[in-house]
Amino acid sequence: MTMKLAAKSETRSPPARRRVASRAARASEAKVVSAPLSRPNRAERAAERRQAIVDAAMEEFIARGFAATRLDDIAKRAGVAKGTIYLHFKDKESMFEELIRTAIVPLVGRLQAPPPAGGTVRELVEGFALTFIREVVTTRRGDIVRLIVAEGPRFPSIADFYYREVVSKGLAGMRAMIELGIARGEIANANLARFPQILIAPALIAVIWQSLFAKHAPLDAIEMFRTHLDLIFGERRTT
């Protein structure tokens, strides 16, 4: 009996063998297609929770102010346990610093870029100003700056951090551009290099104006900045 079965197996026609192989291949392909997607690993899940905490902290700080914000409220908004916050941040202050570091500091880094080939210093300054207005003044980032202005005197460590990570670097970048403009003959008043704050003053005015007076008198921050640059670099060419 065994010999007969073996014989039938050996004499199976080539088309039959191909059909069996085809069914096996399709079954194998089906297994590959239906395989579950890989799940985030522990490091990715931790990064997602950390970002959720930072996002929630931003909303709470803006809504309540730094002093009135509680870690319980941040945890609730982020959808995590309060203890989870301490796995990522030691306190509310370090959380606020992370918010500045991720939302504001990268913008300041753009000041280190040299003028584009064939471009002018004015074009570089104006390009940065437009980016600042679009990405800070008219967004939630502007609320962070306003919060620092409002509560910085009460929390000097936060003001110190902001000065060190944002203001000092911004002033250094502006001073370098002013000195380049003076060397190229684009800026006539050399004293401007002593007071780079003058160059960025309209940006700060726009941030404050947006929160206090925009509903009474909307401000065209971009055109204001361009007019400011006319005073420093001379009027724009119309052709």
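Visitor: Where in the chain does histidine 88 lie, and why is histidine 88 called buried?
Guide: In this predicted model, histidine 88 sits in the loop between helix 5 (82-85) and helix 6 (92-103). Its relative accessible area is 18%, and because the term buried applies under 20%, histidine 88 counts as buried.

Visitor: Which residues does histidine 88 touch, not counting residues up to four places away in sequence?
Guide: With that exclusion, histidine 88 touches Ala46, Arg49, Arg50 and Ile53, where a contact requires heavy atoms within 4.5 Å.

Visitor: What makes aspartate 73 buried or exposed?
Guide: Aspartate 73, which is found in helix 4 (residues 71-78), has a relative accessibility of 13%; since buried means under 20% relative accessible area, aspartate 73 is counted as buried.

Visitor: What does the side chain of aspartate 73 make with the side chain of arginine 70, and which residues does aspartate 73 touch, not counting residues up to four places away in sequence?
Guide: The two side chains make a polar contact at 3.0 Å, a value to be set against the cut-off of within 3.5 Å for a pair of N or O atoms. Leaving aside residues up to four places away in sequence, aspartate 73 touches Glu60 and Arg64.

Visitor: Why is valine 149 called exposed?
Guide: Valine 149 belongs to helix 9 (residues 140-151) and has a relative accessibility of 52%; because exposed means over 50%, valine 149 counts as exposed. Together with Ile208, Leu212 and Phe213, Val149 makes a nonpolar surface patch of about 350 Å².

Visitor: How many helices and strands does the secondary structure of the chain come to, and what share of the residues is buried?
Guide: The chain has 12 helices and zero strands, and buried residues make up 37% of its 239 residues. Among contacts with a separation of 6 or more, 67% are accounted for by residues 24 or more positions apart. The accessible surface comes to about 15,100 Å², with 57% of that belonging to carbon and sulfur atoms.

Visitor: What is the mean pLDDT of the chain, and where is the pLDDT below 50?
Guide: The mean pLDDT is 83, and 80% of the residues reach 70 or more. Over residues 1-11 the pLDDT is below 50, and beyond near neighbours in sequence this stretch has one contact in the model. Over residues 27-35 the pLDDT is likewise below 50, and that stretch has zero contacts in the model beyond near neighbours in sequence.

Terms used. Residues numbered from 1 in each chain as written. Heavy atoms only, no water. pLDDT = per-residue confidence, 0-100. Patch = residues over 30% accessible without salt bridge, like charges linked within 9 Å, V, L, I, M, F, W, Y side chains within 5 Å. Areas by Shrake-Rupley, 256 points an atom, 1.4 Å probe, with all protein chains shown as cover. Salt bridge = Lys/Arg side-chain N within 4 Å of Asp/Glu carboxyl O. Helix = DSSP H or I, 4+ residues; strand = E, 2+ residues; numbered from the N terminus. Buried < 20%, exposed > 50% of the residue type's maximum accessible area, 1.4 Å probe, protein only. Polar contact = N/O pair within 3.5 Å; in protein donor to acceptor, adjacent residues only side chain to side chain.
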